[in-house]
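The following exercises are meant to be worked through with the sequence and the coordinates open side by side. Each task is followed by a solution that goes step by step.

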Amino acid sequence: MGILPRSSYYTRDNRQTAALIRARQPYLVKNIFTGIALSTFVISVYAFTIKAVAQDDFSDVQIPDAPEQPPHTPHTGAARAPGQVSVRGTK
């Protein structure tokens, strides 16, 4: 498999050539306006969402009581003799 030919629009250090700058020039203003329009839309949707969520009022929602916990049972593991070290290295 051969190496793909290099594009003539970039130099060896990947900088734009004059030909690429000339080719992109007609679209520069249109691309700037499109970018501004998209950014404005995204920011306005984000701001609207934050404003709408901030207005929520949950004061009328009843919060149920916490469920009853079973009584605490003592540790039922194997008893150790006094002075015996556990696997973790604590007495």
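Helices are here DSSP runs of H or I with at least four residues, numbered from the N terminus. The model is a predicted one.

**Exercise 1.** Determine how many helices and strands the protein chain has, and what share of its residues counts as buried.

*Solution.* Begin with the secondary structure: the protein chain has 2 helices and 0 strands. Next, turn to burial, for which the cut-off is a relative accessible area under 20%; of the 91 residues in the chain, 2% count as buried. Finally, consider the accessible surface, which comes to about 9,600 Å², with 62% of this area belonging to carbon and sulfur atoms.

**Exercise 2.** Locate Thr17, decide whether Thr17 is buried or exposed, and list the residues that it touches.

*Solution.* First, the position: Thr17 is in the segment before α1, a helix that covers 18–24. Second, the accessibility: Thr17 has a relative accessible area of 18% and is therefore buried. Third, the contacts: when residues up to four places away in sequence are not counted, Thr17 touches Ser8, Tyr9, Tyr10 and Thr11.

**Exercise 3.** Find the salt bridge of the structure, and then describe the backbone and the accessibility of Asn14.

*Solution.* The structure holds 1 salt bridge, and its partners are the side chains of Asp13 and Arg15, which meet with an N to O distance of 3.5 Å. Arg15 has 57% relative accessibility and so counts as exposed. Asn14 is also to be found in the segment before α1, and although Asn14 is not a glycine, its phi is positive, at about 60 degrees. With a relative accessibility of 59%, Asn14 counts as exposed.

Technical notes:
Residues are numbered from 1 along each chain as its sequence is written. This is a predicted model: local features need pLDDT of at least 70, side-chain atom pairs count only at pLDDT 80 or more; totals for chains, interfaces and linings use all residues. Side-chain values use heavy atoms; hydrogens and water are left out. Buried means under 20% relative accessible area, exposed over 50%, partly exposed in between (1.4 Å probe, protein chains only). Accessible areas come from the Shrake-Rupley method with a 1.4 Å probe; for residues, only the protein chains shown count as cover. A salt bridge is a side-chain nitrogen of Lys or Arg within 4 Å of a carboxyl oxygen of Asp or Glu. Contact means heavy atoms within 4.5 Å.
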